[in-house]
Amino acid sequence: MADLVTTIKQTLKDVELVLGWVRDPATGVAAPARFHTEEEAEAAVFDSTCVHNLAVHLPRLKGRRLGIVAKGCDARSVVELIIEHEAEREDLKVIGVGCGSILDVKKIWRRFGYGVEIDDRGDSLELGGERGPREDFLARKCHGCLEADPDIYDLFVGESAGGPAGEISGGREEPHPLSAMLEDLAPAERRAFWREQFSRCIRCYACREVCPMCFCRDICIMQTQVPHWAGGEVNARESEMIQHIRVSHLAGRCTGCGECERACPVGIPLMLLMDEQNRAIEDMFGYRAGDSLRARPPMQTFSIEKDLWGDEE
Amino acid sequence: MRIGVFICECGTNIAATVMTQKVADAALALRDVYHSESIQYTCSDPGQRTVMAAVQKHNLDRVVIAACSPRMHETTFRRTVAKAGVNPFMMEMVNIREHCSWIHDDTDEATEKAIDLMAMGVAKVREEVPLFTSKVPVTSEVLVIGGGVAGIQAALDIADAGIPVTLVEREPTLGGNMARLDKTFPTLDCSSCILTPRMVEVKHNQDIRLIVNAEVEAVRGYIGNFEADIRKKATCVDEEKCTGCYICVEKCPSKAPDEFNAGVGESKAISIPLPQAVPLVASLRKEHCRRYIKGKCGVCEKVCPADAIDYEQEDRIFTDKFGAIVVATGYELFDWKTAYPNLGGGHYPDVITAMQYERMLSASGPTEGHIRRPSDGAEPRNIVFISCVGSRDESIGRPFCCNVGCMYLAKQAILTKEHIPDSQSYIFYMDMRAVGKDYEQFYRRAQRDAGAIYLRGRVGKIYPLDGKLMVMGADTLSGQQLEVAADLVVLATGFTASDGAAELAQRLNIPYDQFDFLSESHPKLRPVETTTGGIFLAGTCQGPKDIPDTVAQASAAAAKVIGLVSRDEMETSPMVAEVNHMRCIGCWKCIEVCPYKAIEKQKLRDGRQVAIIIESLCQGCGICNVACPPSVVSLRGYTDNQLISEVVEVLR
Amino acid sequence: MNGETDRADGGAVNATDADRADLKLVAFLCNWCSYAGADMAGTSRMLQPSQVRIIRLPCTGRMDPLLVLKAFQEGADGVLVSGCHPGDCHYNDGNYYARRRLELLKRMLAVRGIEPERFQYTWVSASEGARWADVVQAFTTDIESLGRLGATVAGGGGG
Amino acid sequence: MSDAAGKSYSYYPGCSLKSSSMEFDISFQAVAAALGIGLDEIHDWNCCGASPAPHHRVESLGVLLSARNLHIAGATHDAVVAPCAGCYNRLKTAQFKLAGDEELREQTGEVLGAEVRYEAEVLNIVQMLNREISPEALAEKAQGRLEGVKLAPYYGCLLTRPADILKFDNPRDPRSMEPLLGATGAETPFFAFKTECCGSYMGLPRKEIVLTASRRIIEVAVSSGFDALVTACPLCHQNLDLRQPQINKAFGTELRLPVLYFSQAIGLGLGIPPEELGIDALAVAPDLDRWKVGAA
Amino acid sequence: MKFIAAKKIPDLLGLLARDARVWAPLVPEDSADTLLFLPWEPGAEVDLERFTQVSPKKLVMPGSEPLFSFSYSMAVDCERLEIGDARGVPGAGGASDADGAGEAPGAATVLFGARACDARSLTVLDALFGLEPGEAYNDPLYRARRAALTVVTLACTSCDAACFCSSWAEGPASTEGSDLILYPVEGGYLARGVSDRGEALLVLDIWEESEQPLPELAETDRVPFGTLNTKLLEIFSDMDFWERATERCVSCGYCTYACPTCYCFNIFDEMRGSRDGERCRSWDACMFYLYTLETSGHNPRPTIAHRYRNRIGHKFSYYPENQGTTLCTGCGRCIRGCPVGLDIRDVLRGAGER
Amino acid sequence: MIELTKTLEDGRELVAEIERRTGQNLAACYQCGTCTSTCTANMAFDYPPHVMIRMLQLGMVDQVMSSHTAQLCYDCMTCSSRCPVRIDVADVIETAKNMADERGLPEPERALRLFRKLFLRNVSRHGRLHEASLLFWYNVKSGTLFNDMSLVPLILRKKKVHIHPTRIRNRREIRRIFSVVKNYPRLKK
C-alpha cells in the first residue's frame, strides 16, 4: 500500500508519530503500531484484518501532535474524543482509510486455530485452504456500520467505500445477534442470563482498556475504595456492577466500535448492553456518539422542552 | 472513631410510636458507637446540655441525632455539637418524626424503621470528615436595580448605613408606578407628596449614585464579589447640563404618546415625564422625534439655553463591582385588550384602566384632576368599576390575585364621589380582600359614605348601545342577571411581571416563576433572599403587593444587604464540591454541567490542567459529582461513599 | 445460580405477608422539594406504608444512577427517586439532568431484567405532602405486586 | 361533478339549506361555481339531528346520524364542507367522539354494516372559502364593490364552540370572516355581539327567549351603525331575519336590519348578480342600490 | 494399553462426576467461539480440539476467595474485633462468590482435558504455595484444593502458531502435574496413568484394551531461552527497548489472568455493612497501574513499559534465577488472546538479540 | 332550609357522576357569576347557571336535575367559553338533564320536550327534517295552533317551503339508528 506509506511519511513531517498498523509476520494479520520515522512507516499496512480501534491511544498521548490512520468507525471515536477534550483537532492529523469491512480475526482463530492462514479475497474468504463464508467472520460492528468512510480526515487513502460497509455486506443496522433472544426473556430470566454471563468474567479489564472512551483508566472507579462502588472480589455480582459502571459512564459516548466485546476473553456479549443503550439514547435524544464535532453529548446537557419523561401526570 | 447516638422522644411525638429506648439500644450494637441515649426533648436547653455532656464524657467525635426533620433543627444541633467541641459537620440528623413516627401507627414497624434510619445515619456519619467554612472578601458597594418605591426605600436604607449604593433605573425618572398614583389607600395621602421627598433624598444622598435611562446588561461573580455591566442609554440630553427648564418640551413640534400618563393625553418627543421628576432632566425619544423620522428638525437644540442637547450621544457601559444586589424591578399592568374581547377588547374609548383613571384623578395629571370621558370629554355620571381584569382568571393563564385591586377600586370610588358628588359608582367584585391595617374600614367607607354599589359578580360583557356602555353582569348575592348603563367603565387590571424580568433573572441566575415574577428562596423563612447568595428581592418584582408591603420588604432586603456587606469577609458553606487534584483527568465534564459556572480549569505546577471549584460560587447541588466519571469531583457532605454506605447499611 | 431458578418467574410470585413486610425500598429525595414534601406529609400525619427508607440528597442532580444499581445489587426490591418538579429546581438545572439520567437508567434496567416498576422517579414539591403519601402508597403497592427481587441481581445476593 | 380545473369537496347541505334557508344553498353553490370549486352532494344524506339529537338522553344518537353522512362522504372525498354551522358542528362532534371511543366506533359500524369511515376533514364555509381564495385574490375580483358598507360579522355559537372539538378560530374573538368580508370592500369594525347567542331553537317552544336575544343583537348592530349582519348559520338567520317582524311586533320596535349569509356577502363581492344569490329570499332586503353592487 | 472410544468420553465424565466435580473444556451458552474450563454436567459436550482461553489455575487459585470473616462489636466502652472461621476449615461459611470456582476447598475435583502445559504449570504453583505441610511456607487453602484435584491431561498431537512448549525439554510430552494422560488416536484415546491417583482411574469399568501405538506428539515453536535471564537483567535500564516493545499494549490484565503460572494476588477487606466483613484474596495483575501504586501516590512502575518489563523480568529472569523454574509453560494463551496482538515471544527474541 | 350534612352526603354520588361524565371539577367554581351574566336563556331559568353549579357543590343534585334550567339550556356554550376557571358549565347542565332523562324524572318543560320529540320523530320518518310538518304537528300537539303562523305567508312568498317531505332512500339505516336509541336502557331513579 504505497499510497498509505507515502501519506504516513508525509504526515510524519508534521507530527511526532503516526498510529497505524503493521503486519505480524508470524500470523500474517495486522497489529497496531506507532510510526516515528519514515523508515518505520515503510511497514504500514491496511487490510481487512485491521480491526483494532487505534483511537484508544489518543487519550494516552494527549497533548502530543499525532497522526492516526482511521477507518470510518474509528473516526467516530476520534470525533467523540475531540468533543470530550481528549484530543485537539489542530494537533491531530487523521489519515482516513476507505474500509470495505473488517474481519473478526479472533473469531477465525478461535475456530480454526491461531495463525491459520487468512486469504481474504474481498468477496470470499479462504481459511487454511478451506473456503469459509466471509459473512460469518465479519467484525460485529460492520453489521451495523454507520460510516465506512471517515467523517473527519485530513488526508484520505485508498478507495472510498462509498457507503456504509454494512450496506456493502448487506447487513446494515443488524441488531446484536442476542438481542432477539433477550427480548423474549422475562425479567427474571434476563437477570439470570446476565448473571450467567458475568459469572465467567475474570476482571481483566480488557473491555475497559481497549475502549477509546474509557479514558479514566488507572483511576477508574471500578477498582477504587474511594468511592467504593464495587467490591474487589472476582465474581458475577461484582463483575456485573463494574459493567454497570462502564455502561452508565458510556451513556451517550459509546460509538459502538465493539472493541470491548472483541477483547473480552471469556465471550461476554458486552455490545448487547451497549447496543441497547445506544438505541435508547438515539430514541431519547436523537443522538449518536461520534456523529458531529459540534454535538453536545446528551448527558452533558438537557432540553427543558423536549425532555418530558416522568411529566406525564 | 467514637460516635454518639441520641434519640429524641419529642415528648410523645416520637415516643408514642417509636420505642426510642429500643432504638438507643440498637445503636449500641453498631460499630464505633460508644454512647447512645434517648432524650425527652433534645432541642430544648436541657436536651442540648445532655448531648454536650455526653460528647465530653465519652470523648465523642461524631454525633447522630435521631429526631425531627433536619430541615427543622439541623442548624440547632450543629451549633450544639460545635459547642461541645465536635466539628459541626460531623453531626448527622436522622428524621424519625416526620418520616416515621408521624406517618406510621404500628409501633413495631415504626421502631424497626427508626432503627434502620438511625443505622443509616451512623453509617453516613462514619464517612464524614471535618468541614470548615471558608471566608471570602466582600465588596461593600451595593447595586439596586429599579427606582420605584422599593428601590428607593432599599437604596436609602442601605445608604443610611453608610454603604455606597448604585441605583439603576430604566426610565428617565425615579418613582416607578407609585409616582403615577393620585392618592394612596387607606389614608388617602397624596402619593407624590409622600414619594417625591424620598426621590429627592436619593438625589442628594452622598452615598447613592443614581443612573437613570440605564439597564443592567450582565452580571458576573458571586456573593460579595459581583461585577455588573450597566448600559446607560443615549437620550440626546446631557444630564449634567440640563436644568429641567421645559423650554425644549414646549417648543418640540413632535407629538408622542404619554406613557407616564398611561396614554391619557399626549406628550412630546423630548419630554420630562412629570414636574417632580428626579433627576429633572429632559430625554428624547428618537422613535417619535421628527429629526430622526423625517431627518430634519433641531428645534430643541436651538432653544436649549443650557446647550444640553447632544444628538451624537451614544450608549455608555459602566462596569463596577458590588457586594450585593437588590432587585426591585417592579411590575407592569396587565395588557387586557386581547384577553378580554368581551369587555370590548380596547375598541371602546370609554373603557379605561384604573391607572388611566388614576392619572385623571391626579391634579397634576393631563386632565388636571377632572374626570372626563375620553370619547367626548363629558363628565360621567354612572361609572362602573370592574375588578379582577386579568386576575384570578385561569382561562387566560392568570390565576393569581393582584392583591390591591379591591382596595384601589374602593379608593377610586371614594375619590369619584369627591370629584363628582352626584355620580354613582358600581363596583363589580368577586371577593372583597381587605386584609391590611384599616383596610376593612376603608372599604366600608366606600360603601357607606361614597355610596358605591358593590355587585358581587364578574362582568360577562360590555357593549355600546345608544351612547352608553351596557355592562352585563350578575349579582350573585341576589341571583340576578343585570345590566348597568354606564358612562365610563374603569378596569382594575392585574399585575404582571415587568417587561424583561425573566431575561434579567437569567442574567442574574436567579429563579423566576411561570408568570416571570422572581422567586424568593423560601416563601416563609427566606422571603427576600433568592437562591443565589447575595441577590435579594424587594417589592412587586417578587409578586403583587401593596405599598406598605413593598416598603417593608425593601427595608428587609436592605437589612439583609447591610448585614452582608458590612462585613469585610464572609463565611461560605463548606458543603460544596471539591476536586481531588491528584486524580483529575481534565475531561471538563464538571465545567460543562455546572449551573453556577463555579468550576474552572487550573494549571498545576507539574503542567497538568485540573478542575478547581470556586467555593463561593458553588451552591452544592452535586451535578458535577455525578458528571465526573472517576468521581474525582465530590460533593462534601454527600460524597459517593457516604451515600453508598447509607444504601449498604439499610439493605444489610 | 440455583437460587434464581425458583424465582425465575419473579413477577408473578404471590407475595406473602411476611414478604411484604420484608420488602426493602429505598427512596432518594432532594432536600428542597420532595424531602420537604415528605416532611409535610408527616406534619399532616398522613399514614403511609413503612417499608420505604429515605436518603436525603441536596438535589436530584446529585442522584448518581449507580446508586440505584448499587441499591439493587445490595438487595433493594424497589428504588424511588423524587425531586422538584421540572422548572422548580432549587439549583435551576439539577432535575433536568436527573430526568435524562434516570430515564435512561430506567430503560437500561429493563435490559438488565429489572422490571421498570421497581425503579420509579417522580416530582413532588415541598407543598405536596398528600402527593408524596400517594406516591409512597402507589410505589409500595407496585413493588408488593412484583414481590421480592430475589438474590438474582448482579450476581450473588451479598453475604 | 367537479370542475376539472378545481378541487372538489363533498358537500353536506343539510335540511335547512334545502328549505327555509335555500338562499344559503343557492348562494354557496354560486360562489363555489364562480371560484371553480366542485361540490359533490353527499349521496342520500340524512338530517344531522340538529340540536334535539345531541340533547337526547342517549348521546350516541347525534353521533350515529352524523356518522352516516361522514361515512358516505368519506368513500369519495378527503374533505366535507357543511355551510350550515349546526351541521358543521354536529359532523365535527361526531368525528371527535368516534376518534376517541372505540366502543362507539363498533356500535356505529354495526348500524352501518361496515367499519365506519370518519376521517374525512370537516370544514365550515368560512374555513373552506378562506382556503380557496385569499383576501388579496378576492379583493382583486371585488374591486371594492361593497365599499362604504359596514358589515357585522356574526359567528354565533355553533361555528366556534366548543373550541376543543371544533378547533376553529378563537372562540372569544373569532376573526376568520373579516379578511374576506374586508376584501369585498366592506368595513368590518369590531362587533360586540359577534359570538352572542340568538336564542337557538327556542323559537317554537319558548319564543320569548329568541325574540329577546335576537332583538338585542339587532339593536346593538343598528346602534353601532352596521348596514347588515353576516352569518353562516340558518338558525341564526331564521331568528334574526325571518323573525324580525315578530320582534318588531312584540317590542314595538321598527328594526330593519338585513341579515346576509356569508356566501351571499362574498357572492356580492364577486359580482354575482343578486338574484343568483337568493337575495330576494331575505325577509329584510338590503338596500342594494346604496351598496353599489349593481355597478358590476 | 487402555483405550476409550471418543463417543464414550461422556460416559467417562459421568463416572468421574459421581464422586467429584468435573471441569472440562466447554462452550459457554450463547458464546460459540469461547472455550473455557467450566463445570461439566451430563449432556454438556466437551471440546477436545481447540484451546481454552483461560488456564485452569482457578481450580487451585480461585479468582477470589475469602480468607476469613470478621465482625466488630462493642465491649464495655471499647471496640472488639472478632475473627470468624477461616476458610479451608470444615464448617467455614460466608463464601461470597457465586461462580462455583470458590466452593469450599477440599472438595474432590477432576480437571479433564488440560494440556501438558497446563498440567506442568500446577507443579510451578505447587512449589510456590508449598504443597507439603512441613514446608517453610504453605498455603492451606491452596493445599486443600490441590490435594483434592485429579488432572486428566490431553496430549497434544497438533498445535497452533501460538504454542511454544517445545522450548522446554519435554515439550508436549511432559507428564509433570498430570495424573492421567489421554493420547488422541484413531477412534478415541489411549490412556496412561502417571500417578497412583491416575492409575486408580484406569480400573474403572469403561476402558478397553488397545494395541494402537502412542501417537506422535506435536512439535511447537521454540523460544531460545539460553541466557535470556541474564540478558534481561542487562537490558533492564534500556527503557527505549521496553517502550518500543509495549507501544501497542493497553495494559489490560488478560495475559496475566489467562496465564497458568501467574500467581499475583491482592488481599483486602470487604465490609458487608459496617460491622461484618471478610478478608479476601483475589487475583491481581502486574500490568495494572494500581498493582504498585503506593499510598503516597508514588508509583514505582508508572508506565506500561515499566510494568511489562517487570512481567517479563519476573517470569524469565528473576524467578528462574531464584527458584530455578521459568514462570511459563509455553501455552500461548497470552498470545492468542491479546486484544492488540502483542506476542511475548517477539519481546523475548528481541531481548535476546539485543 | 336544607340540612346540609345530609344533602351533601346524599348528593355525593350523583355529583361525582356528573363530574366524571363531564370531566369537570366543580369545586373549582368560585361563584363569580360570569356564566349567569351573559346567559341568553337566563330570563326563562328558574336557577341561574352559577346557582346550578353552587347547588351541585352543596349536593342539591335533585333540584338541579328537575330544574327548568336543566331542560331549557340550549347549550350555546357562551358560559363555558367565558368561564374564568374553565368549567364547561353548559356540559354540566346538559349532563344533569341527561341524567334526569335516564332516570325518567318528570320533565317540567312540556313544550320543549314535545318539540324535541316531534323533531326527532320527523327525522326518523323521512331521514331529513320536514319543517312544514314539524310546525304543523307541533302546533297541533301543543295546542298553540297559531304559533308562528305569522311567518307562513312570508315563507310561502319566498318559496322557502316544500309541501311534501323529501325522503331519503335508505330509511332502513335511519330506523336502525333510532332503534339503537330506543333499546337503550333507561335508568330507574
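Which residues have the most contacts inside the largest nonpolar core? I looked that up before anything else. This is a predicted model, where local features need pLDDT of at least 70, side-chain atom pairs count only at pLDDT 80 or more, and totals for chains, interfaces and linings use all residues. Residues are numbered from 1 along each chain as its sequence is written, chains are lettered from A and ligands numbered from 1 in the order in which they are written, and side-chain values use heavy atoms, with hydrogens and water left out.

**Entry: cores**

I found 269 residues in the largest nonpolar core, and those with the most contacts inside it are Ile8(A), Phe28(C), Phe119(C), Phe112(E), Trp207(E) and Trp242(E). A core here is a set of buried Ala, Val, Leu, Ile, Met, Phe, Trp, Tyr and Cys residues joined through side-chain atoms within 4.5 Å. Buried is under 20% relative accessible area, exposed is over 50%, and partly exposed is in between (1.4 Å probe, protein chains only). Helix 12 (residues 270-285) of chain A gives this core its largest share, 9 residues. For helices I use DSSP runs of H or I with at least four residues, for strands runs of E with at least two, numbered from the N terminus.

Apart from this core I noted another, of 191 residues, with Met472(B), Ala120(D), Ile209(D) and Val15(F) among them. In soluble globular proteins, nonpolar side chains tend to be buried together.

I then checked Ile8(A), skipping its neighbours within four places in sequence: Ile8(A) is in contact (heavy atoms within 4.5 Å) with Val18(A), Phe35(A), Ala41(A), Ala44(A), Val69(A) and Ile95(A).

**Entry: chain D and chain B**

I counted up chain D on its own to begin with: 14 helices and 7 strands, with buried residues making up 66% of its 296 residues.

Against chain B, 11 residues of chain D are in contact with 15 residues of chain B. The buried area, meaning the accessible area (1.4 Å probe) that two parts lose on being put together, summed over both, is about 1100 Å², and carbon and sulfur atoms give 57% of it. Arg172(D), Phe190(D) and Arg216(D) supply 48% of the area that chain D buries against chain B, more than any other three residues.

How many salt bridges are there between chain D and chain B? I get 2, taking a salt bridge as a side-chain nitrogen of Lys or Arg within 4 Å of a carboxyl oxygen of Asp or Glu. Glu483(B) pairs with Arg216(D) in a salt bridge, with the closest N and O atoms 2.8 Å apart.

**Entry: salt bridges elsewhere**

Over all chains the count comes to 113 salt bridges. Side chains of opposite charge can pair when their charged atoms come close.

In chain C, Arg107(C) and Glu103(C) meet in a salt bridge at 3.1 Å, N to O. Both lie in helix 5 (residues 94-112) of chain C, 4 residues apart, about one turn of the helix. Arg107(C) is partly exposed at 25% relative accessibility, whereas Glu103(C) is buried at 10%.

In chain E, Glu65(E) and Arg145(E) form a salt bridge at 2.5 Å, N to O. Glu65(E) sits in strand 4 (residues 64-75) and Arg145(E) in helix 3 (residues 140-147) of chain E, so the pair ties together parts that are 80 residues apart in sequence. I checked burial too: both Glu65(E) and Arg145(E) are buried.

In chain B I noted a network of salt bridges linking Asp350(B), Arg373(B), Asp376(B), Lys468(B) and Asp487(B).

**Entry: helix 3 of chain C**

Why is helix 3 (residues 34-43) of chain C largely enclosed by the rest of the structure? I see that 8 of its 10 residues are buried, including Tyr35(C) and Asp39(C). Arg45(C), which follows this helix, has a positive phi, near 55 degrees.

Most residues other than glycine have a negative phi, and most peptide bonds are trans. I found a cis peptide bond joining Val226(A) and Pro227(A), with omega about -5 degrees; Pro227(A) is in the loop between helix 9 (206-209) and helix 10 (236-249) of chain A. The bond from Arg161(D) to Pro162(D) is cis as well, with omega near 0 degrees.

Arg203(A) has a positive phi, near 55 degrees, and counts as buried at 4% relative accessibility. Asp30(E) has a positive phi of about 65 degrees and is partly exposed at 31%.
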